[in-house]
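Subject: Structure for you to look at

Hi,

Here is the structure I promised. Please open it and keep it beside this email as you read.

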Amino acid sequence: MFPDKLKSYLLEVQKPSRYTGGEIGQVCKQKAEVRFAFCFPDIYDVGMSHLGMKILYSLINERKEYWCERVFAPWPDMENIMRREHILLYALESGEEIRNFDFIGFTLQYEMSYTNILNMLDLAGVPLFQKDRGEQIMPLVVAGGPCACNPEPLADFFDLFILGEGEEVNLELMDLYQKMRGHASRTEFLKAAAQIEGIYVPSLYEIQYHEDGTVKAILPHDGAPSHIRKRVMTDMNQCYYPEHVVIPFIEPIHDRISVEVLRGCIRGCRFCQAGFLYRPFREKSAGTVCQQAVTLCRNSGYDELSLSSLSTSDHSQIEQILDQLLVYTAEQHINLSLPSLRIDNFSKSVMEKVTTIRKSGLTFAPEAGTQRLRDVINKNVTEEEVMHTCQIAFEGGYTTVKLYFMMGLPTETDEDIKGIADLTQKVVNLFYDMPDRAKGKLQISISTATFVPKPFTPFEFEPQAEKSEILRKQAVLKKAIKSKKIKVSMHVSDISQMEAALARGDRRLCAVLYDAWKNGSHLDSWEEFFDASRWYEAFQKNQLDPAFYANRTRSYEEIMPWSHLDYMISRKFLIHENQKAHQAQTTAPCRETCAGCGANQCLGRPCF
Amino acid sequence: MKDYRVLFEKKGISKYISHLDLNRCMLRAIRRSGLPAWYTEGFHPHLYLMFPLALSLGTESICEVMDFRLTEALPPEEILQKLNAALPEGLHAFAVREPHDQTQDICQAEYLVRLSGSALADLWDAFIHQPQILTQKRTKKGLKEMDIKSMLICESVIQESQELVLMLLLPAGNDGNLNVSVVTDAFQNFAGKPISVNAVCRMKIFCRNQKEFL
């Protein structure tokens, strides 16, 4: 539901059913003891595609006395109306203002959504800074998700952060709250919550800086632990998975049922934060995957099913899963898609299975143009494999191939950039050299993104390339591309530098974030709304330099702003991987050889 | 294989579901209902589902029509019960029958319109008795001026304490459509002041000779 006051304005905005609630699958309760507003800091269309939210929403609502509701950022047309008519941000299920909830929980999916968080808190009528919320215990403003691995740029705005996987710890936190709410103050609750494994209460840590601006020490007080370890679900077959999901009226970005088939990744691509954050590698059994897929399809009525993970084709039983599922999906007229296939193990039989359902474009990410650079980033894909996969794809009737690359990778030279053009040209030639090639026009598009170094990766020490250097390299690439069949899309933007600064930023960026928002920044991940000058002004006002965070080489000894957060990836391992990168040495996938990152300590056994 | 025509209401918050979204929503509802829906037999089979007359976003209705096909004949009560169990708030099927008329037979629809205002009846009267009712209509080539006088039939006017309640009969279907909002916008222009439209509800769909679409 929505507030009554909104009724007369709903037809003035685009896609009003973003704001009404009432979808099939939403959970409403007559009464609840603890209320949780699950906020996705972007618009409905984006947030309703997010798998993590679906899991945690259902998980909390399974508990009779707890009620979790959904909240999204309004599009500017609606925001204007809300501000003009003094309508505070509400939750979609009840239509009630979230400032009266016990928990306001944000998921931190990408850095450029941070200003949306401030904007949503402001729209909700909740004081932005944690220190201004007083001693009343509620609302508690909390956050989890991948970017919680370095939440320092948000530290002043949040009561606590939840590190790692939320299936258990979210309920532990709510249980503690339910026990303490009658008698405890906010501070007392936070001190107690800090004792739960995986809960990080930033106000219980003092940060000291060296004169050069780097972190000197991170000092816990009031009994807070010196290191906070992320939470991990050890058995994916026992791990909670929803049987019902909310089915939006409008079409979200990903309009389908997603079944998570595995967590973690065996690959160890050195640029990929998710590949390290979500370790260790854990699979669901083929039986569990199929059962969950069938249940969700049946309950939702969806005709689109996706098997999702960081690398679905790395599931050890992928063929078995496909064999079982395809019987059901064919009979039920369901499209099955595998969104994250890998070039090197994209076998003909998997291909055939997928193409029985639908032919569309193929997307691959070689990430770098030369073998040397692919070795540096440990993207263990060879040119032969790219060619082999494209050949299978072309034989299978595909004529559209998308290739993704990064620019500004460590050790990158102009040779590597020209390599992107060479590799793509070889794919074009391959197609035209095939006697039995598919009918239709070949379309190869390549897209390049600026590399952003992230915490808990072997590249966390690396500087991001300057914008001028990226621009120069783009020109090199454009010049090197000869074929008209190749469409290049690359854009430069200052967004990458802001993303890099926030990703590895410290607590002093809270003030920058606040000023950037005050200057009008929000919906920054939507290019039409991003304005770099607002950010640069905010940095300047606080006498900070984005280059200090984004473009500076960090020593192996430096205390990182996130050094007190334990994601079970040892610093020693990251340094070793970084050194190997500079020598262009690869590391084998975890399944072949354990590289000793440390993530298996939570399992108490080797991963494989 | 048997064709069915479902009549349903679209009320409350479901009026904010656009026509395209309604299509996807109904498709999933039929799939959830467990009814033995018929799929097309082409290369990409899809569930056969047809809405003879689209409804504007924001308009409620007590007479919406949806056609689909089942692989076997079932009692109407069973179809209604299974479908309604799968429908979201505001959408409610109330009758199932064999299709009689065809989409192209549709030519008019009747709407109940509630305008906000305590003394609008005279103004409305003057509005519809103009020699011409000129209005701007948005087309692909930009704004086009047109006279809607001949298209607009006002069946009744009742001034309630806070609302002017109109019953309008407007062209609908393949041979020409007139949206209620075109009429209410023209009335606002005529009045020279904003008049808020509190509610619009489609009441009936007609074929030629004012025969109800069945």
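Start with a hairpin in chain A. Strands E7(A) and E8(A) form it, with five residues between them. In that hairpin, A:Gly213 takes a positive phi near 95°. Keep in mind that this is a predicted model.

Now look at the two strands themselves. E7 of chain A covers residues 205-209, and E8 of chain A covers residues 215-220. They pair in the antiparallel sense, over five bridges. One pair to find is A:Tyr209 with its bridge partner in E8(A), A:Val215.

Next, the interface. How many residues of chain B are in contact with chain A? There are 19, and they touch 27 residues of chain A. The area buried between the two chains is about 1900 Å². Carbon and sulfur atoms give 61% of that area. On the side of chain B, B:Tyr16, B:Arg28 and B:Arg31 lose the most area to chain A. Together they make up 36% of what that side buries.

Then the polar side of the story. The rule finds two salt bridges across this interface. In one salt bridge, the side chains of B:Arg24 and A:Asp255 meet at 2.4 Å, N to O. Eight residue pairs are in polar contact between chain B and chain A, counting pairs with both residues at pLDDT 80 or more.

Which helix of chain B gives the most to the side that touches chain A? Helix H1, residues 19-33, does, with seven residues. By class, that side of chain B has eleven nonpolar, two polar and six charged residues.

Best wishes

Definitions and conventions:
Residues are numbered from 1 along each chain as its sequence is written. Chains are lettered from A and ligands numbered from 1 in the order in which they are written. This is a predicted model: local features need pLDDT of at least 70, side-chain atom pairs count only at pLDDT 80 or more; totals for chains, interfaces and linings use all residues. Side-chain values use heavy atoms; hydrogens and water are left out. Contact means heavy atoms within 4.5 Å. Buried area is the accessible area (1.4 Å probe) that two parts lose on being put together, summed over both. A salt bridge is a side-chain nitrogen of Lys or Arg within 4 Å of a carboxyl oxygen of Asp or Glu. A polar contact is a pair of N or O atoms within 3.5 Å; within protein, one must be able to donate a hydrogen and the other to accept it, and residues adjacent in sequence count only if both atoms are side-chain atoms. Helices (H or I, at least four residues) and strands (E, at least two) are DSSP runs, numbered from the N terminus. Ala, Val, Leu, Ile, Met, Phe, Trp, Tyr, Cys and Pro count as nonpolar, Asp, Glu, Lys and Arg as charged, and the others, Gly among them, as polar. Two strands pair if DSSP finds at least two bridges between them.
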